[in-house]
Amino acid sequence: MQQTTFSLLVHAIRYDGENTRIIELRPAAGTHLPPVEAGAHIDVHISADLIRQYSLCNTPGETHRYVIGVALDPNSRGGSRWLHDNLQAGDTLTVGAPRNHFGLANTDAHTVLIGGGIGVTPLLSMALQLEAQQRSWSLHFAAKCTEQAPLLQAINTLAKQARYGQVNCYFSESSASRMDVAQVMEEAPKGSHFYCCGPVRLLDTFDKCSESYPPEHCHSERFIAELEVAKGGYTIVLARSGKTLYISEEQTILDALKAEKIAVPYACAEGICGSCEVKVLEGEPDHRDDVLSDAEKARNDTIMVCCSGAFSKQLVLDL
Ligand code: FES
């Protein structure tokens, strides 16, 4: 069975941007991690009941380390605050295997990466992959000012070395330049694929601008939930045990599974991390998550049990 969590050494911590800690995690000497994919993220187990998701900003393909960028969130509920205030080089940290719902499409089309603040983390990894594969790309990165811009050293290095792409930075306070998402998308070569990650306002703008483009060309990743959890009132059948559970009005599938002490992995419980994904064998899910793309939702073969429900009276799950 594939290993799902790893206990990693905090090899190094450095700052890249006033409020951003770059944390490099390594496995025991002589061992390797599942390879990094551009756009992937890992669960970081901060305590028994606190798990947070962070995108990897490694060079894709690396197996000797995971690198995450952690911006200090002023509204932190313990995740980034703890990682900033307590974590030291030499500590160990438990993390999950990488998951990727924000991977690069396999296409020769130009790729436009649109990032705001710490949302640039997965985009940096994507730009490195595109550059290595000699594919055409552009990165548009917005932050308040150079001092607070996460990963700016890494972005500047990439900008200097890039041969197949270009980097455009916008600093609203220090240089009064603002990113115009609509214009960025309009000026991109026809058939481009667009990827966006960043604050809610940027993602909302991107979603609006995306309405004029084929949905399969527009990709985004949110790390803050805006979901309405599905209501109960249906039955789930656990195919492996044959057990049937009724999901009451106020319950999620995850609530019902936990009440029955049926172990299922989960982390955010807000439909944004993908940890709780379960295969659907029969029935029509009512998808409420921010993880699956529209095409993946339309296939109805998987469900995030922390927030999604059912349109059908019954769902048969691969549990
Ligand atoms: S636990 Fe994160 S999507 Fe369900």
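User: Is Phe-194 buried or exposed?

Analyst: Phe-194 is buried, and its relative accessible area comes to 2%. Here buried stands for under 20% relative accessible area, exposed for over 50%, and partly exposed for what lies in between, computed with a 1.4 Å probe on protein chains only. Please keep in mind that this is a predicted model, in which local features need pLDDT of at least 70 and side-chain atom pairs count only at pLDDT 80 or more, while totals for chains, interfaces and linings use all residues. Residues are numbered from 1 along each chain as its sequence is written, and side-chain values use heavy atoms, with hydrogens and water left out.

User: How many aromatic pairs does the structure hold?

Analyst: There are two aromatic pairs. In one of them, Phe-102 and Tyr-195 sit edge-to-face, with 6.0 Å from centre to centre and 70° between the planes. The rule takes rings of Phe, Tyr and Trp (for Trp the six-membered ring) as a pair if their centres lie within 6.5 Å, and calls planes under 30 degrees apart stacked, over 60 edge-to-face and the rest tilted.

User: Where do Phe-102 and Tyr-195 lie?

Analyst: Phe-102 belongs to the loop between β6 and β7 (111-116), whereas Tyr-195 belongs to strand β10 (residues 193-197), so the pair ties together parts that are 93 residues apart in sequence. Strands (E, at least two residues) and helices (H or I, at least four) are DSSP runs numbered from the N terminus. Phe-102 is buried at 1% relative accessibility, and Tyr-195 is buried at 0%.

User: And what about the rings of Phe-194 and Tyr-213?

Analyst: Their centres are 5.1 Å apart and their planes stand at 65°, so this pair is edge-to-face. It links distant parts of the chain, since Phe-194 is in strand β10 and Tyr-213 is in the loop between α5 (200-210) and β11 (218-221), 19 residues apart. Tyr-213 is partly exposed, with a relative accessible area of 24%.

User: Switching to cysteines, how many disulfides does the count come to?

Analyst: The count comes to zero, where a disulfide is a pair of cysteine sulfur atoms within 2.5 Å. For Cys-307, the nearest cysteine sulfur is that of Cys-306, 3.9 Å away, and Cys-307 is in no disulfide. Cys-307 also counts as buried, at 0% relative accessibility.

User: Now the strands: how many residues of β8 are buried?

Analyst: Strand β8 (residues 137-143) is mostly covered, with seven of its seven residues buried. Trp-137, Leu-139, Phe-141 and Ala-143 point one way from β8, while Ser-138, His-140 and Ala-142 point the other way, and all are buried.

User: Which strands does β8 pair with?

Analyst: β8 pairs with β7 in the parallel sense over six bridges, and with strand β9 (residues 165-171), also in the parallel sense, over seven bridges. Two strands count as paired if DSSP finds at least two bridges between them. Across from His-140 in β8 stands Ile-114, and Ala-143 has Phe-171 in β9 as its bridge partner.

User: What do the helices α2 and α3 make with these strands?

Analyst: Helix α2 (residues 120-132) makes a right-handed β-α-β unit with β7 and β8, and helix α3 (residues 152-161) makes a right-handed one with β8 and β9. Right-handed is used when, with the strands pointing away from the viewer, the path from the first strand over the helix to the second runs clockwise.

User: In what order do the six strands of the open sheet stand?

Analyst: The order is β4-β3-β6-β1-β2-β5, and the pairing is antiparallel. At the edges are β4 (50-55) and β5 (66-71), each of which pairs on one side only. Within this sheet, strand β1 (residues 5-15) is joined to strand β6 (residues 92-96) by five bridges, and to strand β2 (residues 20-26) by six. Leu-9 has Arg-26 in β2 as its bridge partner, and Ser-7 has Thr-94 in β6.

User: Where does Gly-17 take a positive phi?

Analyst: Gly-17 does this in the hairpin of β1 and β2, which has four residues between the strands, and its phi is near 105°.
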